[in-house]
Amino acid sequence: MDWEKILDSLAQIREEAAAELAAARQEQQRELWRVKYLGRRGRLAQLTALLAEAPPAMKPRLGQEVNSLKQHLLNLFQERRPTGRPEKGQNLSFPGKEIFPGCLHPLTQTTRLMVNIFVRMGFGVYTGPDMETDYYNFEALNMPADHPARDMWDTFYLNEQHTRLLRTHTSPVQIRVMEKMKPPFRIVAVGRCFRRDPLDASHSPVFHQMEGLMVGSDISFSQLKGLLIYFCQELFGSETRVKFLPSYFPFTEPSAEVSISCVICKGTGCATCGRTGWLEILGCGMVHPRVFRAVGYDPETVTGFAFGMGIERIAMLRHGIADIRFFLQNDLRFIRQLSGSR
Ligand code: PHE
C-alpha cells in the first residue's frame with residue numbers, strides 16, 4: 001500500500017466532494033452525496049478502516065488528516081443546508097399558495113352568536129334527544145292525542161303506534177328541563193329538529209331551533225318583550241324594529257309571533273320580506289298552566305315564558321343566504337365565503 005499516495009488523495013477527495021455538493025441542488029442529491037462521503041460505507045468510513053493497517057510511523061499523521069477531512073465535509077454539509085434561497089429558475093413573483101385555515105360552519109357561527117347573547121344574561125344551555133316520545137313532543141306540551149294543533153307539525157314517526165318520533169321542535173327540552181329543575185331558572189336549548197317538509201329554497205326536513213325558557217315567580221309578558229327586543233337588536237343591529245303579533249301555540253297563553261323590520265330593505269318592502277317590510281322570526285308566549293301541571297309545578301305560584309326560533313332562517317337573514325339548501329350541500333365555496341365572520 002502506498003501510504004503517501006493515500007495522503008495525497010485526501011486533498012483530491014476534499015475538492016471533489018466540495019464541487020459535488022455545490023452542484024447538488026435538490027434534497028435527494030444532497031442525500032446521495034451524504035451517503036457517498038459520510039455514510040456508513042462511504043469514502044470516509046473506508047479511509048478510517050484503512051487506518052488500522054497503516055504502519056505505526058504513518059498512523060498519527062494519516063489519522064489527523066482523515067479526521068480533519070471528515071470534519072471539513074461535515075461542516076460543508078451543515079452549511080449548505082437549504083436556506084430558503086430561491087433556486088435557479090424559481091419565479092418569486094408567483095403568488096403564494098393560498099392557505100385555508102378552516103372555519104366554523106355558518107350555522108354554528110350563528111348558533112354561537114345567538115346562544116352567547118343569552119349566556120351573557122345568565123341563561124344556562126341545555127340539549128335534548130333528537131328522537132323523542134309522543135309525550136315530550138306533544139302530550140306534555142298540552143297537545144293530547146288527536147289534538148288538531150298537532151297538524152301544525154308534519155311529523156316523522158318512528159313506529160306504528162306513533163309513540164316514538166323525531167322531534168318537530170326543541171320545545172320538548174322545556175319539559176325535560178322542568179322535570180329536573182326547581183324554579184327559578186332560565187335556559188336556552190339548541191338542536192336539530194325534523195319535519196316532513198319537502199326540501200325547497202326555504203324548507204328543509206332537517207333544521208335547527210333555539211328554544212328559551214324562563215321560569216320563576218312574577219315573570220311577566222313585558223319581561224319577555226324586553227328580552228326579545230334586546231336579543232333582536234343585538235343580533236341584527238340597534239336600529240332594528242321589533243313587533244309582537246298575537247298568535248297561537250298550545251303550550252303558551254297568551255302567544256305571540258315576533259317580526260323584525262326587514263334586514264334587507266330596512267322596512268320599505270322588498271322580495272325578501274314579501275313587500276311587507278317585516279320578517280317573522282320567532283314564536284313565544286307565557287307558559288301554559290297545563291304545561292306547568294304536567295311537570296308538577298303549581299301554576300298558581302309559578303309563572304314563566306318561552307320562545308322558539310329557527311336558526312337557519314336567522315343565519316340566512318344575517319348573511320343574505322337565499323336558499324336553505326346551501327347549509328346541507330357541503331360546498332366549500334359556500335363555507336369559505338362566510339369564513340371571515342366567525
Ligand atoms: N315550538 C314552536 C315552533 O316550533 C315555537 C315556540 C316555542 C313557540 C316556545 C312558543 C314558545 O313553532
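**Close-ups of the ligand and its pocket**

**View 1. What lines the largest pocket.** The lining of the largest pocket is made up of 19 nonpolar, 13 polar and nine charged residues (Ala, Val, Leu, Ile, Met, Phe, Trp, Tyr, Cys and Pro count as nonpolar, Asp, Glu, Lys and Arg as charged, and the others, Gly among them, as polar). This is a predicted model, where local features need pLDDT of at least 70, side-chain atom pairs count only at pLDDT 80 or more, and totals for chains, interfaces and linings use all residues. Residues are numbered from 1 along each chain as its sequence is written, and side-chain values use heavy atoms, leaving out hydrogens and water. On a 1 Å grid over the protein atoms alone, a pocket is an open set of points where a 1.4 Å probe fits, with protein on both sides within 12 Å along at least five of seven lines, and lining residues have an atom within 4 Å of a point.

View 2. The ligand sits in the largest pocket (more than half of its atoms lie within 2 Å of the grid points). Around the ligand are 15 residues, and His 169, Ser 171, Arg 195, Gln 209 and Glu 211 are the closest (near means a heavy atom within 4 Å).

**View 3. Polar contacts.** Here, look for pairs of N or O atoms within 3.5 Å. His 169 has a polar side-chain atom 3.0 Å from a ligand nitrogen. The side chain of Arg 195 puts an N or O atom 3.0 Å from a ligand oxygen, and Gln 209 also has a side-chain N or O atom 3.0 Å from an oxygen of the ligand.

Terms used
Polar contact = N/O pair within 3.5 Å; in protein donor to acceptor, adjacent residues only side chain to side chain.
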